[in-house]
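Colleague: I'd like to learn how to read ring contacts and strand pairing. Could you walk me through them?

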Amino acid sequence: MSLRVFAPTKLLAPYVTAIWDYEDLTGSDNSALSILPDTATYLCFLYADLLQTTHKDTIYTTRSGLAGFQSYRSDLGGIGTVSGVSARLTPWGLNVFRRGIVRECAERRVDCRDIFPWYAIEKIEDSLAHKRTASERVQCVENFLLAILNRDNGDLLIQKACRDLSSSNGNYPIGMLARNLGLTERTLERRFLAHVGATPKKYARVVRLRNAIFQRKTLSTWADVAHAVGYYDQSHMIRDFQELYGISPESLYPQIDTSQTIQFSGLLNLYPTV
């Protein structure tokens, strides 16, 4: 697999955290890769073979597709060569590119042809297939995003709410967050669902667990990790690992520790071959 990460252009930076170009994502051995929940939305444009995504008990087969807010890991696979460019959107980023679909795209993968004009998606896929370099392919995707960008569809309060929850590692009481933003808790939840695709509580849960896997690098035991990230006890944290990641922390951590892409893409191989 060849994978390169690019920083978005300045106009896209408030809504896109990274863009990555990849060739032969699953490799010749058809590796089973996974993306862990991390509050991001992924907008993927593929120009070679189809990608198969398994999320819980549902299997999606698409070329270009969008994965909304995910509170459970997605497992990726494909037959052939899976190559493309993916934009990792901020938690609130989708609404400025396509208003009103955020909630419907949560917890699933949606074909890009169902949310954008089909001819625009086919044009992008065609263009990507004929570009010679990763930089050219990334520029092609950025041009598309810039053409459909509407910053008026953003919600500055929800952006602040997301940042506050993330900076507190998911340990900001939702009632207090709402009051500090001048909103009722119900209004905060409604606007969160419209712009992020999840409730603030679910968002905080994903943030807290993601923080736990990185805390393990500096703490000696999972009990220490559970205490540091705000869980009542270790068993509560382990239950979250099983429910969101489908795997125990002891099984997950070795792959997190060696992954080169987990910080910006959430992508890793849970079951590498020896």
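Colleague: Which residue lies over the face of Tyr 231?

Modeller: A charge sits over a ring if NZ of Lys or CZ of Arg is within 6 Å of the ring centre and within 35 degrees of the ring normal. Here Arg 208 lies over the face of Tyr 231, 5.7 Å from the ring centre. Likewise, the charged end of Arg 216 is over the ring of Trp 222, at 5.3 Å from its centre. This is a predicted model, where local features need pLDDT of at least 70, side-chain atom pairs count only at pLDDT 80 or more, and totals for chains, interfaces and linings use all residues. Residues are numbered from 1 along each chain as its sequence is written, and side-chain values use heavy atoms, leaving out hydrogens and water.

Colleague: How many aromatic pairs does a search of the whole structure find?

Modeller: Rings of Phe, Tyr and Trp (its six-membered ring) pair if their centres lie within 6.5 Å; planes under 30 degrees apart are stacked, over 60 edge-to-face, the rest tilted. The search finds 11. Trp 20 and Tyr 22 make a tilted pair, 5.3 Å centre to centre with 50 degrees between the planes. Ring pairs also join Trp 222, Phe 241, Tyr 245 and Tyr 253 into a cluster.

Colleague: What is the bridge partner of Val 5 in β2?

Modeller: Strands (E, at least two residues) are DSSP runs, numbered from the N terminus, and two of them pair if DSSP finds at least two bridges between them. Strand β1 (residues 2-6) pairs with β2 in the antiparallel sense over five bridges, and Val 5 has Trp 20 as its partner.

Conventions: Helix = DSSP H or I, 4+ residues; strand = E, 2+ residues; numbered from the N terminus.
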